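Student: I would like to go through the pockets and the helix packing of this model with you, one point at a time.

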Amino acid sequence: MKKALPIGVENFEDIMESGYYYIDKTMFIKELLDLKGKVNLFIRPRRFGKTLGLSMLRYFFEDTGDVKRNEDNKKLFSDLKIMAAGREYIKHMGKYPVINLTLKSAKQPTFELAYSKIKRAIADEFQKHQDILESGRISDEDKKLFREITDRKAAYDDYSGALEFLSKCLYRVFDEKVIVLIDEYDVPLENAYFRGFYEEMTEFMRSLFETAMKTNDSLQFAVITGCLRISKESIFTGLNHLNIISILDKKYSEHFGFTEQEVLRIMDYYDVGSRFPTMKSWYNGYRFGNTEVYNPWSVISFVYDLYSDIDAFPRPYWINTSSNDIVKNLIARAGRETKEQIETLLAGGTLDIRVHEEITYEDMHGDDENLWNFLYFTGYLTRKSEYFKDKYIYLKVCIPNTEIMTIYENTIVNWMKDMIKKEDFHDLYCAMENGNAKRMTEILNRQLFRTISFYDSAENFYHGFLTGILNQSENYLVKSNRESGDGRSDIIVKSPSLRGRSFVLEVKVSNCIDNLETDAKKALKQIYDRKYTEELRTEGYRQIDCYGIAFYRKDCEVWFGKGDKEDKENLSCVI
């Protein structure tokens, strides 16, 4: 019986006690103790194991105040790498009081609701430590405030200083300094930026972090995780001892995400190693420091599907777990130059960007370089190489893998559909009804110039582009035959009434601009050669026109012909 895969399980104790498959990341503990950072901010994309990593730290370091629970926590690590690291590391097990706070729930539409969620998270953490109220080392006044925070009845200032207050209470009782673990610190800020209350949230978060980590003598060390590298000046003001570990750093590079050897081991364990090439092309491609890294969420999800069906298709699992607002904003706000850069990436090319070490959400749309940095740090781009020039670090970045390429393409298609819905294509239908291929070419070329194209699956892109436009008419029904693969024409457009007009359209994609006219003619000839009009004629339509359309990048050519028969006089580009 194989171990279960821990899909969605982010609690270290649950994984170890329930017998889930676990990729040992406990040497993260050793590196953390070796490097002795006071306040450590780890920047990694969403779903790369940050929450599980913090949970592991909690179970390793926490003195729960209960001897049996402490022993139970130590047993969780009995067969893991950290236990062979030496006495100097093991002596830290179960030694410190730990504050563990996650801010994931603060993704709310208003500041009041987001603040309420943070209050609840703080109150829940106080609730976990309420046993310390039995100690005689805490004053009655502090016990009163402790209970007010736990009951969510304290004032704003009390919550903004709650982590410092709790750490001081714990220090008094345990006589050991406190470890503070904060997960997804940037979720409230990202949400606030897109919802319009960024300034209010920044003020609260700044107070929360400053009091807990700037002048807190009760702090042993802190580990904070997030997916974006926010400026010190926004919420970390004055934290001179802040140690930011981004995906550029060589330190800690293998502790978040899976290395290739770890992926091979998990695939061999579940007897699905034959699908490794697909796994690599879809979910590899990240570089943290000098380490090649796979997306752990997607790896586990794909192995789960493969274990029950070795022929399972890969899917973009990450798209359902990660906010794609940054990609949506990039595409929606893109000018001509940015669109060309996106198309370069979609074609498998690279962009050169200067690294911005510290940015805020307010900087996001300051210039395109800021936005490219956001996409890089959040996992939508990866580093192929880096170089130093004019006192700055530059990166050559690209799209990491097929999964992320799919996210871009789906986002572009949805954006294109929304854009098309806002357009009036009455002129296009008039041109089509009048057999005016020249006018159709002009309208489609103008629309192509505004789109963001991807060419690795060009036929599907142009087919979707054309059907999206044609579907805007209320007077015609549009039928796409591409998906059926049954040898029929690409697109049929017809009036609901058999007395009305009908059209057959065949699409070709040219391999160079010079072949547009020839390929449009070939598309039109194919309609006649393969008798694509017969389907409409059998239904009862009598007015049938045919169009051959060829595309190459931002250009197209339209050729027109009557559907009655192949007539050389009717086979033309201009009417």
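Predicted model: local features only at pLDDT ≥ 70, side-chain atom pairs only at ≥ 80, totals over all residues.

**Pockets and helix contacts**

Student: Which element supplies the largest share of the lining of the second largest pocket?
Tutor: Three elements each supply at least two residues of this lining, namely α3, β2 (98-102) and α6 (111-128). By class, the lining of the second largest pocket holds 3 nonpolar, 6 polar and 9 charged residues. The largest share, 6 residues, is supplied by α6.

Student: Turning to the largest pocket, how many residues line it?
Tutor: The space in the largest pocket is about 680 Å³. Nearest its centre lie Glu-10, Arg-47, Phe-48, Gly-49 and Lys-50, and these belong to a lining whose residues number 37.

Student: Which element gives the most to the lining of the largest pocket?
Tutor: The elements that give two or more residues to the lining of the largest pocket are α3 (50-61), α10 (187-195) and α15 (296-308). When the lining is divided by class, 19 of its residues are nonpolar, 9 are polar and 9 are charged. With 5 residues, the element that gives the most is α3.

Student: Are α6 and α11 roughly parallel or oblique to each other?
Tutor: Helix α6 packs against helix α11 (residues 198-213) with the axes 10 Å apart and at an angle of about 20°. Because angles under 35 degrees count as roughly parallel, the relation of α6 to α11 is roughly parallel.

Student: What is the handedness of the crossing in which α6 passes α11?
Tutor: On the α6 side the contact is made by Phe-111, Ala-114, Tyr-115, Ile-118 and Ile-122, and on the α11 side by Glu-200, Met-201, Phe-204, Met-205 and Leu-208. The residues of this contact of α6 with α11 divide into 9 nonpolar, no polar and 1 charged. The crossing in which α6 passes α11 is right-handed.

Student: How many charged residues does the contact of α6 with α7 have?
Tutor: The axes of α6 and helix α7 (residues 140-150) come within 8 Å and cross at roughly 130°, and that makes α6 oblique to α7. In α6, Ile-122, Ala-123, Phe-126 and Gln-127 meet Phe-146, Ile-149 and Thr-150 in α7. By class, this contact of α6 with α7 has 5 nonpolar and 2 polar residues, and the number of charged residues is none.

Student: Why are α16 and α19 classed as they are, and what is the term for their relation?
Tutor: Helix α16 (residues 325-333) and helix α19 (residues 402-421) have axes 10 Å apart, and they pack at an angle of about 50°. Angles under 35 degrees count as roughly parallel and those of 65 to 115 as roughly perpendicular, and α16 and α19 are therefore oblique.

Student: How many nonpolar residues are in the contact of α16 with α19?
Tutor: α16 passes α19 in a crossing that is right-handed. The residues that meet are Val-327, Lys-328, Ile-331 and Ala-332 in α16, and Tyr-408, Thr-411, Ile-412 and Trp-415 in α19. Of the residues in this contact of α16 with α19, 1 is polar and 1 is charged, while the number of nonpolar residues is 6.

Key
Residues numbered from 1 in each chain as written. Heavy atoms only, no water. 1 Å grid on protein atoms, 1.4 Å probe; cavity = no way out; pocket = protein on both sides within 12 Å on 5 of 7 lines; lining within 4 Å. Points joined across faces, edges and corners; volume = space filled by probe spheres on them. Helix = DSSP H or I, 4+ residues; strand = E, 2+ residues; numbered from the N terminus. Nonpolar A, V, L, I, M, F, W, Y, C, P; charged D, E, K, R; others polar. Axes fitted to C-alpha atoms, helices over the stretch in contact; angles between N-to-C directions. Parallel < 35°, antiparallel > 145°, perpendicular 65-115°, else oblique. Left-handed = near helix turned anticlockwise from the far one by under 90°. Contact = heavy atoms within 4.5 Å.
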